[in-house]
Amino acid sequence: MSGLERIALDNCAQMILLVEAQSLRIAMANRVAVETLGYSADQLLAKSILDVESALPDVFYWEEVRAGQLSRIESQEGLYLRADGSLHAVNKSVTPVEQVTGFPECLDGRVKTLHPHIHAGILADRRLESHRQQLADLG
């Protein structure tokens, strides 16, 4: 991940976890995820998404992802396990990167998010009407 991508993700107001589809390993956690869940970045990167999100429907969903059956989730309630053992309620959305960019990841996963549809969504300030309108115009 480039330095620019890292800065963009860390300055996003929402918790973001990027998950490798085959291994279900957490490949990236932004600053908000680290602070909200109470793990260090290294601790999160050593985990599978199933270590953090382990309700039975979520286990079934992630096993389907591992099997190559990627599907989009919009605003689904879930619970994430924090480092202190407590549960944190989330309203999650899951989007396979390929559905946004129109391209599969390549170079062993090194190139997957370098696309205006990804970065515009991360960098937009949704409090500003002009940003919301530009996002709508981009599709």
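Student: Which residues have the most contacts inside the largest nonpolar core?

Tutor: The general idea is that in soluble globular proteins, nonpolar side chains tend to be buried together. A nonpolar core here is a set of buried Ala, Val, Leu, Ile, Met, Phe, Trp, Tyr and Cys residues joined through side-chain atoms within 4.5 Å. Buried means under 20% relative accessible area, exposed means over 50%, and partly exposed lies in between, with a 1.4 Å probe and protein chains only. In this structure the largest core has 19 residues, and Leu-17, Ala-29, Leu-44 and Trp-62 have the most contacts inside it. At least two core residues come from each of strand E2 (26-29), H2, helix H4 (49-52), H5, E3 and E4. Those labels are DSSP runs numbered from the N terminus: helices are H or I with at least four residues, strands are E with at least two.

Student: Before we go on, what kind of model is this?

Tutor: This is a predicted model, where local features need pLDDT of at least 70 and side-chain atom pairs count only at pLDDT 80 or more, while totals for chains, interfaces and linings use all residues. Residues are numbered from 1 along each chain as its sequence is written, and side-chain values use heavy atoms, with hydrogens and water left out.

Student: Thanks! What is Leu-44 in contact with, leaving aside its neighbours within four places in sequence?

Tutor: Contact means heavy atoms within 4.5 Å. On that basis, Leu-44 meets Ile-26, Ala-29, Ala-33, Val-34, Leu-37, Tyr-39 and Val-52.

Student: Now helix H5. Which of its residues are buried?

Tutor: Start with helix geometry: an α-helix has 3.6 residues a turn, so residues three or four places apart point the same way. In H5 the buried residues are Asp-58, Tyr-61, Trp-62 and Val-65. They line one face of the helix, because seen down the axis of H5 they fall within an arc of 90°, the arc being that of the directions from the helix axis to the C-beta atoms. Strand E1 (17-19), H4, E3 and E4 are among what covers them. The face turned away from the buried side carries the exposed residues Leu-56 and Phe-60.

Student: How do E3 and E4 run, and how many bridges join them?

Tutor: Two strands pair if DSSP finds at least two bridges between them. Strand E3 (residues 73-81) and strand E4 (residues 87-94) are antiparallel, joined by seven bridges.

Student: Where else is phi positive in a residue that is not a glycine?

Tutor: Most residues other than glycine have a negative phi, and most peptide bonds are trans. Here Leu-24 has a positive phi of about 65° although it is not a glycine. Leu-24 sits in the loop between E1 and E2 and is buried, at 0% relative accessible area.

Student: How many salt bridges does the rule count?

Tutor: Side chains of opposite charge can pair when their charged atoms come close. The rule asks for a side-chain nitrogen of Lys or Arg within 4 Å of a carboxyl oxygen of Asp or Glu, and the count is two. Arg-31 and Glu-35 form one, at 3.4 Å from N to O. Both lie in helix H2 (residues 31-37), four residues apart, about one turn of the helix. Arg-31 is partly exposed at 36%, whereas Glu-35 is exposed at 54%. Arg-66 and Glu-63 form a salt bridge at 3.0 Å, N to O. They are three residues apart in helix H5 (residues 56-66), so about one helical turn separates them.
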